[in-house]
Amino acid sequence: MQHLKKYWNLYDREKISMAVNPEIPEGAPLHSMNSMYELRHYNGFEHIGHPTSSYRMSIDTIQTLKHGYYASVSYVDALLGGLIAHMKTIGIYENTIIIVFGDHGWKLGELNSWGKMTNYTIDLKVPMIIRYPNQKLRGVKSYAITELIDMFPSLSELAGIPVPDYMQGTSFVPLLEKPDLSWKKATFSQFHRRPKGSADG
C-alpha cells in the first residue's frame with residue numbers, strides 16, 4: 001500500500017472544502033434520500049444516522065473521507081494514463097475507441113449524505129469522456145443530455161457495427177461532431193427502495 005500513499009499526499013486536508021449544500025431540501029420526502037447504509041457497513045461508521053436525522057458528521061471525518069475519495073480518483077487517473085501509454089507502446093492507441101464513464105454520481109456530504117442512490121442531480125450526473133480514431137473535435141465539451149444506455153449504439157456506430165432494432169438508447173455520435181446540437185429534453189431515473197423495516201433500509 002506504500003505506493004498508494006503518493007496519491008494521498010497530493011492533497012492537503014486543511015484545504016479540502018465542505019459541501020456547499022450540506023442540508024437536504026426543505027420539505028423533501030423521506031424516501032427521496034438514501035439511507036447511507038453502504039457507508040454504515042464500513043468499520044467505524046456503524047453509528048451514523050439517516051440523512052434526515054439530526055446526525056452531523058464531524059469536519060475531521062468529512063475531510064478524511066473526501067481526502068480518500070480525491071486520492072482514489074487520482075489513482076484511477078494514473079492507471080488510465082498507464083493504460084493509454086501501454087496502448088501506444090504496442091501500437092493500438094490510434095485505432096482504438098476509448099470511453100471513460102461513471103455508473104453514478106456520488107455525494108460527498110451534499111444533502112447531509114454520502115454515497116449514491118437518489119434521484120437528485122448529483123447522483124445522476126456522471127462523467128463520459130470518449131476518444132476514437134479520426135476524431136475531428138477533441139477536448140470539446142457538450143452539455144447535451146445523454147444516458148448510459150446510449151453508449152452501446154454510439155460505440156456500435158463508431159465501430160461500424162449494425163445496432164439491433166430492439167436495442168434501447170440513442171447514438172450520440174452526432175453530438176461528437178456538433179456538440180451544441182439540439183438534443184434530448186429529458187431522461188428518466190428510478191432507484192429501487194428497500195422494503196420498509198429492512199435492516200439496511
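Reply: Asn112 sits in the loop between strand E2 (107-108) and strand E3 (114-115). The model is predicted. Asn112 has a positive phi of about 55 degrees, although it is not a glycine. Why mention that? Most residues other than glycine have a negative phi. Is Asn112 buried or exposed? Its relative accessibility is 11%, and the limit for buried is under 20%, so Asn112 counts as buried.

Now move along the chain to Met117. This residue lies in the loop between E3 and helix H4 (121-124). Met117 is not a glycine either, and its phi is positive, near 70 degrees. The relative accessible area of Met117 is 18%. That value is under 20%, so Met117 is buried.

Take Ile99 as one member. Leaving aside residues up to four places away in sequence, Ile99 touches Met128, Ile129, Ile130, Met151, Leu155 and Phe172.

Turn to the aromatic rings. The structure holds three aromatic pairs. A pair of aromatic rings is described by the distance of the centres and the angle of the planes. Tyr7 belongs to helix H1 (residues 5-8), and Tyr75 to helix H3 (residues 59-89). The two are 68 residues apart, so this pair links distant parts of the chain. How covered are they? Tyr7 is buried, at a relative accessible area of 13%. Tyr75 is partly exposed, at 29%.

Tyr69 and Tyr70 also pair, but edge-to-face. Their centres are 6.5 Å apart, with 70 degrees between the planes. Tyr69 is partly exposed at 31% relative accessibility. Tyr70 is partly exposed too, at 24%. Together with Tyr11, Tyr69 and Tyr70 form one aromatic cluster.

Arg13 gives another link across the sequence. It lies in the loop between H1 and helix H2 (37-40). Arg13 and Leu65 are 52 residues apart in sequence, yet 10.0 Å apart in space, C-alpha to C-alpha. Arg13 touches Asp60, Gln63, Thr64 and His67, with residues up to four places away in sequence not counted.

Finally, step back to the whole protein. It has six helices and four strands. From the N terminus, the elements run α-α-α-β-β-β-α-β-α-α. The C-alpha trace spans about 55 × 45 × 30 Å along its principal axes. Of the 201 residues, 28% are buried. Take the contacts between residues at least 6 apart in sequence: 63% of them join residues at least 24 apart. The accessible surface comes to about 13600 Å², and carbon and sulfur atoms hold 58% of that. The protein has 21 positive and 19 negative charges, and their mean positions are 2 Å apart.

Technical notes: Residues numbered from 1 in each chain as written. Predicted model: local features only at pLDDT ≥ 70, side-chain atom pairs only at ≥ 80, totals over all residues. Heavy atoms only, no water. Contact = heavy atoms within 4.5 Å. Buried < 20%, exposed > 50% of the residue type's maximum accessible area, 1.4 Å probe, protein only. Areas by Shrake-Rupley, 256 points an atom, 1.4 Å probe, with all protein chains shown as cover. Lys, Arg positive; Asp, Glu negative; His and termini not counted. Charge placed at Lys NZ, Arg CZ, Asp CG, Glu CD. Phe/Tyr/Trp six-rings, centres within 6.5 Å; stacked < 30°, edge-to-face > 60°.
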